[in-house]
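Here is a short walk through one protein structure. Keep the sequence and the 3D view side by side as you read.

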Amino acid sequence: PGELPRRLPDHLPVLLNAVRGGAVGLRTRTPARYLVAHLRARLQGDEVRHVMLDLTIRLEDGARVPALEISRAYPIVAPPLTGEEHAHAARALRVAVRRAAPTAHAGALAAIARRARRDLMRIGDYYSSLDAEMAQAVGRARPAEERARRAAKRAMLPEELDARRRQLCERLSARLDAELVAATIIETEVDRYAIPLRRRTVGGSVMLLQRAGDGVIEGPPCAGCDVAVIRLHLCDERLHPLCDACGHAGRLDRARCPGCKPPRPAPLAVAVEDATATLALGGALREAPPDDRP
């Protein structure tokens, strides 16, 4: 109809930079196993804070999926995790904690940044006033030996400032870890659909799953973050499925695809503007390196 284009519902699978390459494969119904994990993420800085994380992981490939509707579930005796399922779950939990815990602790990390910024300003004010007082003391000294001693003491202020900044960094450094509190294995049935697709001159397929219990559609795991994604970007060469955040708006050559070239995990860091970086202490200008931040 003649109207503005509408956005497709979020629960429907969409190919964002590829096209379907043929008829959808026959539906097959098979059992699937999931792990519902409850983790306590701990942030240890100047204080210790805890946040609970609830994750649902598809054990066959380690994809993180939406929570299952288990109001009509009943207890069964499930076999323990196989070696492959254990490896998928361990990898998925590590990736999930690395990505979700900083967001869950965003308020605490912001408080650490504010405290660091405030303490740096106080340290800067203290050493600025101390440097001014020591400069006056050098000018008041009459004997040359006394003047040299006071000047040498003033020249040590930059080293003392660096030591104070390192102490502040160590005191406010944020360390993040998590422990598994409880876990539940859920077994259900899923309908599987093999979707043929084509990206440029490369053809392939993806598998979509629809859970029989609640009807939720699950896609393949994102090659960048392991989240089951149904709004798919595909890389140019190997057709790695990627979510909106990892897909770089569809510009996915080998250098940009996190599946072809996995990025190195970035360490947790709290960066603030350093008010002491350019202080002129000891009678000389202090030049800060580009990354001179706690």
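Helix 2 (106-140) and helix 3 (144-155) are among the elements that cover the buried residues of helix 4. The model shown is a predicted one. Start with helix 4 itself. It covers residues 157-172, 16 residues in total. From its first C-alpha to its last, helix 4 reaches 22 Å. That is close to the 22 Å expected at 1.5 Å a residue.

Which residues of helix 4 are buried? They are Leu-157, Leu-161, Arg-165, Leu-168 and Leu-172. Look down the axis of helix 4: the buried residues fall within an arc of 75 degrees, so they line one face of the helix. An α-helix has 3.6 residues a turn, so residues three or four places apart point the same way. Now turn to the face of helix 4 directed away from the buried side. Glu-159, Arg-166 and Glu-170 sit there, and they are exposed.

Next come the strands. Strand 6 spans residues 175-199.

Strand 7 is another partner. It holds residues 202-211 and runs antiparallel to strand 6, with 10 bridges between them. Pro-196 faces Ser-205 of strand 7 across this pairing. Strand 6 and strand 7 form a hairpin with 2 residues between the strands. What phi does Arg-200 take in this hairpin? Arg-200 has a positive phi, near 55 degrees.

Finish at helix 1, which runs over residues 83-104 and contains Ala-96. Is Ala-96 buried or exposed? Its relative accessible area is 0%, and buried means under 20%, so Ala-96 is buried. Which residues does Ala-96 touch, leaving aside those up to four places away in sequence? The contacts are Leu-55, Arg-64 and Ala-101. One further distance places Ala-96 in the fold. Ala-223 lies 127 residues from Ala-96 along the chain, and the C-alpha atoms of the two are separated by 13 Å.

Methods: Residues are numbered from 1 along each chain as its sequence is written. This is a predicted model: local features need pLDDT of at least 70, side-chain atom pairs count only at pLDDT 80 or more; totals for chains, interfaces and linings use all residues. Side-chain values use heavy atoms; hydrogens and water are left out. Helices (H or I, at least four residues) and strands (E, at least two) are DSSP runs, numbered from the N terminus. Buried means under 20% relative accessible area, exposed over 50%, partly exposed in between (1.4 Å probe, protein chains only). Contact means heavy atoms within 4.5 Å. Two strands pair if DSSP finds at least two bridges between them. The expected span of a helix is 1.5 Å times one less than its number of residues. The arc is that of the directions from the helix axis to the C-beta atoms.
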